[in-house]
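Dear colleague,

I am passing on the structure below, together with some notes on what was found in it. Please look through it with the notes beside you.

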Amino acid sequence: MRIRYALTTTAAAAAAAALGLAAAVPAQAAEYSSALKIKGIQYDAPGRDSNKCSGGNTKSEYLTIKNYSKTATVNLKGYKVKDAAGNAFTFKNSHTLQPGDYASLRGGRGTDSDAKNVVYRQNCNFIWNNDKDTIYLYKPGGARADVHAYTKKANDRDGNGYITYHG
């Protein structure tokens, strides 16, 4: 759990003025108002990377999106996932997430399943970089729902290629 300490702009300016300093307030990390958030990412598929549609391991690279609402059901249709380079996937079909439910967006080809909580990108290329990347989740209207940047060194301490966000 992250604990964020917020200092209002007014309080920061007053403190800076009292010390005779210019008021420079760093931007705080944004917390987006969305029921859907990125729960975790397997950014580095186990084994040697192979993006062959038959026998490759792109299905082992996945992003888990969870509905953190206690009451609202959310449809993934129209949501978009992007990386820092602009590679994107838009959920074109209905996939309903009940409160507390999740879906794994996997690489490779396969059959989407609400029962198995899986959606396939229908693309055998890897989307996430193994060293560092940024994950963006956008709502159907284009507003950001969530964003996370990672580096293998800083965020994957056990080196298993998986990072958890939002618990």
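The residues lining the second largest pocket divide into four nonpolar, six polar and four charged, where Ala, Val, Leu, Ile, Met, Phe, Trp, Tyr, Cys and Pro count as nonpolar, Asp, Glu, Lys and Arg as charged, and the others, Gly among them, as polar. That lining is made of 14 residues, of which Phe89, Lys92, Asn93, Asp112 and Val119 lie nearest the centre of the pocket. The elements that give two or more residues to the lining are β5 (88-90) and β8 (118-120). The space in this pocket comes to about 160 Å³. On a 1 Å grid over the protein atoms alone, a pocket is an open set of points where a 1.4 Å probe fits, with protein on both sides within 12 Å along at least five of seven lines, and lining residues have an atom within 4 Å of a point. Grid points are joined across faces, edges and corners, and a volume is the space filled by probe spheres set on the points.

Please keep in mind that this is a predicted model, in which local features need pLDDT of at least 70 and side-chain atom pairs count only at pLDDT 80 or more, while totals for chains, interfaces and linings use all residues. Residues are numbered from 1 along each chain as its sequence is written, and side-chain values use heavy atoms, with hydrogens and water left out.

As for the chain as a whole, it has two helices and 11 strands, which are DSSP runs numbered from the N terminus (helices H or I, at least four residues; strands E, at least two). Of its 167 residues, 36% count as buried, a term that means under 20% relative accessible area, with exposed meaning over 50% and partly exposed in between (1.4 Å probe, protein chains only). Among the contacts (heavy atoms within 4.5 Å) with a separation of 6 or more, 56% are between residues 24 or more positions apart.

Which residues form the disulfide that a search of the whole structure finds? Cys53 and Cys124 form it, with their sulfur atoms 2.0 Å apart, the definition being a pair of cysteine sulfur atoms within 2.5 Å. The pair links distant parts of the chain, since Cys53 is in the loop between β1 and β2 and Cys124 is in the loop between β8 and β9 (132-138), 71 residues apart. The torsion about the S-S bond is about 115°, so the disulfide is right-handed. Cys124 is buried, at a relative accessible area of 5%.

The search of the whole structure also finds one salt bridge, that is, a side-chain nitrogen of Lys or Arg within 4 Å of a carboxyl oxygen of Asp or Glu. Lys152 forms it with Asp44, and the closest N and O atoms are 3.7 Å apart. Lys152 belongs to helix α2 (residues 152-155), whereas Asp44 is in the loop between β1 (36-42) and β2 (62-67), 108 residues away. Asp44 is buried at 15% relative accessible area, while Lys152, at 34%, counts as partly exposed.

Finally, two backbone angles deserve a note. Most residues other than glycine have a negative phi. Asn117, however, has a positive phi near 55°; this residue is found in the loop between β7 (102-106) and β8 and is buried, with a relative accessible area of 13%. Gln122 also has a positive phi, near 60°, and is found in the loop between β8 and β9, where Gln122 counts as partly exposed at 36% relative accessibility.
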